[in-house]
Amino acid sequence: MAEGMRYLLGLDAGNTVIKAVLFDLTGQQVAMSAMDGQSSRPAPGFVERDLDELWSNARKVIRDCLHQSGIAPGQVAAIGCAGHGNGLYLIDAAGEALLGVQSLDTRAAGMAAELTAQGDAFHAIALQKPWPAQTPTLLAWVKRHRPEVFARAATLMMSKDFINFRLTGERTGDISDMSGAGLLRLPECRYDESLMALYGLADAMAMLPRLVGPSDIAGRVSTTAAQETGLAEGTPVIGGFFDVVSSALGAGSVRAGSASIIAGSWGINQVFSQEPAINPDVFMVACFGPGRFVNIESSATSAANLEWYVREFLERGGHHDDPFGYCNALIAGVTPRDDDAFFHPFLYGSGQGAAFRAGFYGIAGWHGEAHLLRALFEGVMFEHRRHIGVLRGAGLAVAAATLTGGGSRSPVWPQMFADGLNLPVTVAAARETGALGAAIGAGVGAGLFSDYEAGAAAMASAATRYVPDPAMVAHYDRRYCRYLDLTSRMRGFWSGE
């Protein structure tokens, strides 16, 4: 690598995997390292992680990424980190980890229902309502059920904030993550005592970290972190991003009116705007800068369903070297029919109701594994379609979309999305769009780009564009109506009525 060249390091902290990706200033990936962490499930509905393991994995992938690249640490101009939103990460006054709760956790379902009963007061301030894995709802649960942890907690963080803390020693939270967690007054994008009081957390204001913008310099790599990671001491670290914003930025979709669909562990559907959508049907609104809002409909109903299928039925027996390729090849060999089976992708519940469950329906003797997998892919797409419908109903125009996340790498899913949503769908050239978006933000923070648009123009590009097939559009329209009817009919069964 040329000695005078500058690079940007993007980190992406998912619910399990942590990635470090080094990019040059044209968006070319220079090196990457990733590690899969461990989640624990100490009780039904609980999904936790060891924060010390998270930092251990983070420093390993950073060091490995730098080693692969062969660059001098001082050539890294800045570092940006994106991480999964919500969940709950608590540290004490000494900086020791107390608790790590992931965003697939449902322990606080009862607390969310209790808080929601207060009416629209939450939405009037934060433009979202309480839900089980929402950060303040989880903190309210901890206050009630684990008061000893609440008493010791000094700072509330998101996953990427904890990594930033270990890198810099600074306790910060960025506005995109904090607004996405229902912790800010919108559109002002600031903390609010009356909002915290609604959660029963008026006494937790001191736990909220210093608020920064995503591309603001939040701190610099400390001496200790430099020794542990191989980074140069003093390297600037930005506030970072709620990963849904970062992924859209890395796909080049950040201007007002653009739409981004992320088919990952969570199904994220978002439309960017200069003003937030004021509509109680929209799941959440996040802000990431002046006049920059993202209106989000999401649920844990996306590619996590395929990951479950692969883990439980393919990898367990070790039958396939490439289980995801096996699934895609099977689906590609199926001719879609109106009497195909259906699948509800509610393995991890649904925002429509905590009692929702997954299931296959309408299976006939002539259906095989390929038909079940096609039903799973279709059911995931239908939930994305439902979310897009909510955003359109809030007055947000959606003319085209970018698709990112693990689902975008399928050779069959992007065309299914284009047909099922009746939208042109673009898949980004970069595979690691979350890390790329964080790197673009780091470039803005370091003064290498004037704004997000300039950074995206320099570093993000499209790979493939999928256009709807009119015949398949009509097919999915018919199937979608039946899918919604089936969901409606199952509500009573799921709730035990």
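Visitor: Leaving aside its neighbours within four places in sequence, which residues is E378 in contact with?

Guide: This is a predicted model, in which local features need pLDDT of at least 70 and side-chain atom pairs count only at pLDDT 80 or more, while totals for chains, interfaces and linings use all residues. Residues are numbered from 1 along each chain as its sequence is written, and side-chain values use heavy atoms, with hydrogens and water left out.

Contact here means heavy atoms within 4.5 Å. Apart from neighbours within four places in sequence, E378 touches A341, F342, M416, H475, Y476 and R479. E378 belongs to helix 13; helices (H or I, at least four residues) and strands (E, at least two) are DSSP runs, numbered from the N terminus. With a relative accessible area of 3%, E378 is buried. Buried means under 20% relative accessible area, exposed over 50%, and partly exposed in between, with a 1.4 Å probe and protein chains only.

F377 is in contact with L306, N328, I331, S410, V412, W413 and M416, again leaving aside neighbours within four places in sequence. F377, L306, W413 and F417 touch the most other members of the largest nonpolar core, which has 49 residues. Such a core is a set of buried Ala, Val, Leu, Ile, Met, Phe, Trp, Tyr and Cys residues joined through side-chain atoms within 4.5 Å. Helix 13 (residues 369-393) supplies the largest share of this core, nine residues. A second, separate core has 41 residues, including W141, F150, I175 and F293.

Helix 11 (residues 304-315) packs with helix 12 (residues 323-332) at an angle of about 105°, and their axes are 10 Å apart. Axes are lines fitted to C-alpha atoms, for helices over the stretch in contact, and angles run from 0 to 180 degrees between N-to-C directions. The angle makes helix 11 roughly perpendicular to helix 12, on a scale where under 35 degrees is roughly parallel, over 145 roughly antiparallel, 65 to 115 roughly perpendicular and the rest oblique. On the helix 11 side the contact is made by L306, E307, V310, L314 and E315, and on the helix 12 side by P323, F324, Y326 and C327. These residues divide into seven nonpolar, no polar and two charged; Ala, Val, Leu, Ile, Met, Phe, Trp, Tyr, Cys and Pro count as nonpolar, Asp, Glu, Lys and Arg as charged, and the others, Gly among them, as polar.

Elsewhere, helix 10 (residues 243-250) has eight of its eight residues buried, so it is largely enclosed by the rest of the structure. G252 follows helix 10 and has a positive phi, near 85°.

Charged pairs complete the picture. The whole structure holds 24 salt bridges, each a side-chain nitrogen of Lys or Arg within 4 Å of a carboxyl oxygen of Asp or Glu. One of them joins E170 to R210 at 3.3 Å, N to O. E170 lies in the loop between helix 6 (159-168) and strand 10 (172-174) and R210 in strand 11 (residues 210-212), so the pair ties together parts that are 40 residues apart in sequence. E170 is partly exposed at 32% relative accessible area, and R210 is partly exposed at 41%. R190 pairs with D192, their closest N and O atoms being 3.6 Å apart; R190 is partly exposed at 39%, whereas D192 is buried at 7%.
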